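Work through the exercises below with the structure open. Each task is followed by a stepwise solution.

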Amino acid sequence: MIYLNEEDLLKIGIDWTSTINIIEDAVRCLEKKDFAQPIKPYLRYRDLKNRIIAMPAFLGGNVNASGIKWIASFPDNIYKGIPRAHSVVILNDIDTGKPVVIINTALLSIIRTASVSGLMIKHYDRIRNLKDIKIGIIGCGPIGLHHLKVCDKLLGNRISKIYLYDIRPIIDTENIGYVDKDKIVIANSWQEAYDGADIFITCTASKEPFVDLPPREGSLLLNVSLRDYKINILNYVRQSIIVDNWEEVCREKTDIEMMHIQKQLLKDETKSIVDVVCNNCMKEYERDQTIMFNPMGMGVFDIAMGSYYYYKALEEGIGINLD
């Protein structure tokens, strides 16, 4: 068994083309029913805004791996100078159950999350042929800034401006990386980032929904943090909602669950990430329809990404052998 940490993953590097393809291949396994993924339990105690989530899964296909992600989210950590999320992924040999790798870093989960969003942008771009794009990102912690990087990778010089907003003044454009800093605007409000955005991405830890304005017609809303939109958003997206998995996302007080409870939104009214990849469902939407993607996060994607970095580490001789 080998042990990998954040430094090890950074040595291997982030190739967004490869990580997005990993997610796309995993979705094709979902379409073929070549996976197992029980509904993930949430562990809460004392301060109930904190949670630790278990995400066991098996994924077949070229990945052919099983394991579990154990991820803790403690929002007040940011006031203690430590990351909000801590995550460990363990992969097991599918024939013997023997653990083969421990990946101890939330970076793996961040890469998975941004790669799922990247997959949606890739398919959205195919049908919309995007040009002169305005991107808005609210919540500029590690997840938000990695979404910035994946947008830059996929859309490059077609991006006109990227508006970043965070309630904390911590956005350091000098350390973002390879993104063209001349395109970055530090917004003074979420409304400034949202207004007219062709792609709008929420990566906050908001306790209450607050986005209450009409979206740009034909835009893509990547509702990564799942609890930012007031219920009136349904007036603009009811016919064009996409989820990763309805049973996972329609719970835990997500925007989708609130739409279900308050406005009777049903599973049959939504599309899934499988419909996007395997059935080209985005092509069915009119050009002026706003598309809203709501990803709760799927264990199969973490297993796929963990397996990718495991084999990269073996190839490059990276990590600590614990045998």
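**Exercise 1.** Decide whether S66 counts as buried or exposed, and list what S66 touches.

Solution. The model is a predicted one.
- Step 1: S66 sits in strand β5, which covers residues 65-73.
- Step 2: The relative accessibility of S66 is 16%. The limit for buried is under 20%, so S66 counts as buried.
- Step 3: Leaving out residues up to four places away in sequence, S66 touches A57, F58, I90, L91, N92, D93, I94 and I303.

**Exercise 2.** Describe how the axes of helix α2 and helix α10 cross, and name the residues that make the contact.

Solution. 
- Step 1: Two packed helices are described by the angle between their axes and the distance between the axes.
- Step 2: The axes of α2 (residues 16-31) and α10 (residues 299-316) come within 9 Å and cross at roughly 135°.
- Step 3: Angles over 145 degrees count as roughly antiparallel and 65 to 115 as roughly perpendicular; α2 and α10 are therefore oblique to each other.
- Step 4: The crossing of α2 and α10 is right-handed.
- Step 5: On the α2 side, the contact is made by S18, T19, I22, I23, A26, V27 and L30; α10 supplies V300, F301, A304, M305, Y308 and Y309.

Terms used: Residues numbered from 1 in each chain as written. Predicted model: local features only at pLDDT ≥ 70, side-chain atom pairs only at ≥ 80, totals over all residues. Heavy atoms only, no water. Axes fitted to C-alpha atoms, helices over the stretch in contact; angles between N-to-C directions. Helix = DSSP H or I, 4+ residues; strand = E, 2+ residues; numbered from the N terminus. Parallel < 35°, antiparallel > 145°, perpendicular 65-115°, else oblique. Left-handed = near helix turned anticlockwise from the far one by under 90°. Contact = heavy atoms within 4.5 Å. Buried < 20%, exposed > 50% of the residue type's maximum accessible area, 1.4 Å probe, protein only.
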